Amino acid sequence: MSAAGAFSLLLLAGCGAGAADDGRIGAAVVVSSQAQKVYDEIQAQPPARQRAKAVQLAKEEGRLEVYTSLTDDVANAVDKAFHRQFPGIRISMFRGNSETILQRILQESQARKLGADAVESDFLEMSSLDGQKALAHYTGPGQARVAASSRFPDWTADRFNVFLPAWNTDLVKPADVPRSWEALADSRYKGRITLEPTDSDWYENVTHYWLTHGRSQAQVDRLWRRIVANSHVTKGHTTIMALLGAGQTPLDSMNYTYITEQARLKGAPVDYRLPDGTSPLPAFARPNGVGMLRGAQHPAAAWLFYDWMLHEGQKVLVSLHLTPSTKVPGDTSLAGVHLAPFDVKGLTDPSTDWDKKYDEQLRGVASAKGTG
Amino acid sequence: MTTTTRPPAPTLPSVPRPRPLARLRDRFNLQVLVVGGAMVVVGYLAVVPVGFLLHDTFIGSRSELSFRAFGRAYGAGSQAGTMMLNSLAFAFGSAAFALVVGATLAYLQVRTDIPFKGLLFAASLVPLIVPGILYAAAWIFLGDPSIGLVNTLVFKPVLGASPVNVYSLWGMIWVQGLHLAPVAFLLMTSAFRGMDPSLEESAAMSGASRRTVLRRVTLPLLRPALVSAALLMFVQSLESFEVPGLLGLQNGIYVFTSRIYFVLRAFPADYGSAGAYAVGLLVIAAAGVLLSSWLQRRGGHATVTGKAFRPQQIELGRARPWVGAGVVLYFAVTVVLPVGVLVYASLLRSYAQPSLKALRGMSLHNYGEVLRLPIAVTALKNSVLLGVGAATVVMFLAAVVSWAVVRTRIPGRRLLDLLAFTPIVIPGLVLGLALSFVYLRVPLPIYGTLGILLISYCTRYLPYGMRYASTAMTQMSKELEESATVFGASWWQTFRRILVPLASSGLVAGWIYILVVSFRELSSTILLYSPGTEVLSVLIWEQFENGQLTTLAAIGVLMVALLVVLVLVAHRLGARFGLQSDSSR
């Protein structure tokens, strides 16, 4: 009887559709006309006066809730700096990994109990929120500070994760450092490479790069098979970095350069640049960014945070060795690195499941192919 | 319904009522209230996430029955066959290893005059306290073929080779088995304590050899506990993620949970496939439950009877020093090595192999860092509250429900048993999702509070509580309750004054277990916590995500210290409450 009671409660609570067909749980997005009115009111001002208007309205709101996947040292620094500049606005940051952030916003949206005003997260999650029309359009002065490639319909990149191999400098001499992505397939790296099982965005970008730089599909497939045969798999970029520093593995196929840099500064024998300070490989920079929610309860504060992240917030990111999306004095995170365009289109194409492809490639499923 | 209000019936009559009928009615009412209430809560805790899981696995986008999730999960390209074989081999191997180790140690602890009992108790708890992610990481630093300290410091100099490899299936079984052995130890200790050794003694007096006694008397008597423990550990290994995630992937050894991790981590997350894998786990676990209840029914044995008994300790005699040395070795392998590596790592800025340079750079920097973390105090407070709360709620529910399952003929009690067991196979992430889904929609102020975490922990650890409680209840002879009833005790009095104290050994063991594992719970917490309700495991995860492996090690060391203190306090309180302490004998 108790079981039946609980179950009916559940059915009452749940919507009809399940996830059996496509694996997705549907969500309706919360839209608040009140919030839109505030966004419009701020953005109707001339650009130079928008910030002042936002500060005035945000102070009346008094609070700001941000959901972010920034690591906690960065999130804490952002929290502190924002609070110092706007002591009248109580900022509160919920930290989670990017999937959790997306999950939470969708869940809360569906239940009409949205807690977040602004969101700061990774490329795929921001794209997904954008695709579901959860984000409000920002036209403020921050747009002008970033390059066109950092502007997305309803969110803006505030930082980049740069993909490059990392190695243990005690175990890999400068002459043995891979000079191209193809080099990872060399037999001299047999058993010496670590792959991360969720790096499908890297997998897609390298594949796309090869296919658009004169390699045939058959060549690309062969390269990937040989890279996988050279490698073993470890979960977590930061775990890999710790093991790389400890000498468990000599070479990491790809890590975020800021993780390598932070480890290096703590004294680990790791690097992603040659001793001359350059990297010979084309690097891919994944944009991560900031957005304000259409269902925000503190819209002016959300707008202010968005604008702030593209301005003062950039310095906070640089102080922790992240790669900012605007020009910030003292930023050396891209020194010696040459960037190849990040394949936004391929990654957001709904017809291709890159996570599944990469997973099959790693498991050596015979049909695995790196096609687009 | 009556319109007149009656004064509430006194629930605990201090003097025997004159009319037996009225007394019977009162007793019945309270019994129905407590047992019924507990059953409703257990049913609710279990059904909500299971219902959610089944809904998302079997219902398609247009609300029709669909099996496409299974096609995706087990179809072409999924290598599901190998994956299932790996899962079973891993789970079976770890459970068997843990059971043999745990049961042997429990026997030595309770029934022999083995030296270093305190050491054994510590050895049986510390691996339980260390979070899985940290325990697996510690074993990487110990058993990696190239940098593992066991290889580089012991085997390489002696044998010239590095035979230890934690990334193999055997390595996984070793680490998981050692991590689980404490569960077996706790379960089996309480079983041995509740067992009247006079049966063995009579067998021995009648001329049975030691082996015969073991085979014909001891093992059959222990069967309920052994079966319970085996089942629990088998299912827990099936469900665990850290070891397969950190060690298995290195050589491409995939199991159910690493597949679940992938489909949930993939973009967009495939909840249907995750559900299909979880249903696979559920089926295997249900088979385990049925098998175990069949084994239990083939002769349950009451071993706690009305007769007084005082177990005689077997004197090990000449074997004593050797067994003692074995205990020290076991302590060294399960506690000193992994915790030692953690302490070592916690003193470094970034992990490096032991060298003069590394030793010179040692400092307490990481500990200072932990104390400076802004959420450290909140997290500690919340963890203690939740751990104590969940352990108390679960053990109370489990005691009542297992009494109903074991002792009564209430219809549907076997279903209840199964229900109370199902949460064990629901991946934490799915549980977290289900709970947030439900409590976001229920008009109760639970979402975003510690309450939702408490519900989650109670759900997750109910199966464990049930195993501890039902093992204790199965062992108890009915005559004790009957004599209490004959002497006029109400049901509640009997339950409180007879059953609980006699089962206290098992209940306290369960309480300690749940307290400890609550501190580690992460997978559901991560979806359910909010600013202000962070717990220690969140703190650990933050450091892990952040790549601060050495700070993480410092948190691990502090956690071990804190929980050892908590467990010692619980043990002391338990002893006062009726838990027999072996060391005091």
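**Figure 1. A buried phenylalanine in chain B.** In this predicted model, B:F141 is buried, because 27 other C-beta atoms lie within 10 Å, and a residue counts as buried if it has 20 or more such neighbours. B:F141 is found in helix α5 (residues 132–143) of chain B. Leaving aside residues up to four places away in sequence, B:F141 touches B:G148, B:L149 and B:V341.

Figure 2. Chain B contains 24 helices and zero strands. Of the 585 residues in chain B, 53% are buried.

**Figure 3. The side of chain A that touches chain B.** Across this interface, 62 residues of chain A are in contact with 68 residues of chain B. Within chain A, helix α1 (residues 2–13) gives the most to the side that touches chain B, contributing six residues. Sorted by class, that side of chain A has 22 nonpolar, 24 polar and 16 charged residues.

Figure 4. The buried residues in α3(A) are A:Q50, A:A54, A:V55, A:A58 and A:E61. They lie on the same side of α3(A), because they cover an arc of only 130 degrees around the axis. An α-helix has 3.6 residues a turn, so residues three or four places apart point the same way. The face turned away from the buried side of α3(A) carries the exposed residues A:A48, A:R49, A:A52, A:Q56 and A:E60. On the buried side, the residues of α3(A) pack against α2 (33–43), β1 (63–68) and α12 (299–309) of chain A. After α3(A) comes A:G62, whose phi is positive, near 80 degrees.

**Figure 5. Strand β1 of chain A beside strand β2.** One of the elements against which the buried residues of α3(A) pack is β1 (63–68) of chain A, and β1(A) is itself mostly covered, with five of its six residues buried. Alongside runs strand β2 (residues 90–95) of chain A, which pairs with β1(A) in the parallel sense over six bridges. Within this pairing, A:V66 stands opposite A:M93 in β2(A).

**Figure 6. Helix α4 of chain A and its buried side.** Helix α4 (residues 72–85) of chain A has 14 residues and reaches 20 Å from its first C-alpha to its last, close to the 20 Å expected at 1.5 Å a residue. Buried in α4(A) are A:D72, A:V74, A:V78, A:D79 and A:F82. These residues are on the same side of α4(A), because the arc that they cover around the axis is only 160 degrees.

**Figure 7. Strand β7 of chain A between two kinds of pairing.** Strand β7 (residues 251–256) of chain A is mostly covered, and six of its six residues are buried. With strand β4 (residues 156–168) of chain A, β7(A) pairs in the antiparallel sense over four bridges, and here A:F163 stands opposite A:Y256 in β7(A). With strand β5 (residues 193–195) of chain A, in contrast, β7(A) pairs in the parallel sense over two bridges, where A:L251 in β7(A) is the bridge partner of A:I193.

**Figure 8. The contact between the two domains of chain A.** Chain A is divided into domain 1 (26–158 + 287–324) and domain 2 (161–286 + 334–363), and the centres of these domains, taken over C-alpha atoms, are separated by 31 Å. Seven residues of domain 1 of chain A are in contact with 10 residues of domain 2 of chain A. On the side of domain 1 that touches domain 2, the elements that give two or more residues are α6 (123–131) and β9 (282–292) of chain A. The residues of that side of domain 1 divide into three nonpolar, four polar and no charged.

Conventions
Residues are numbered from 1 along each chain as its sequence is written. Chains are lettered from A and ligands numbered from 1 in the order in which they are written. This is a predicted model: local features need pLDDT of at least 70, side-chain atom pairs count only at pLDDT 80 or more; totals for chains, interfaces and linings use all residues. A residue is buried if 20 or more other C-beta atoms lie within 10 Å of its own, exposed if 12 or fewer, and partly exposed in between; C-beta atoms are placed from the backbone. Ala, Val, Leu, Ile, Met, Phe, Trp, Tyr, Cys and Pro count as nonpolar, Asp, Glu, Lys and Arg as charged, and the others, Gly among them, as polar. The expected span of a helix is 1.5 Å times one less than its number of residues. The arc is that of the directions from the helix axis to the C-beta atoms. Two strands pair if DSSP finds at least two bridges between them. Domain bounds come from an automatic or database domain assignment.
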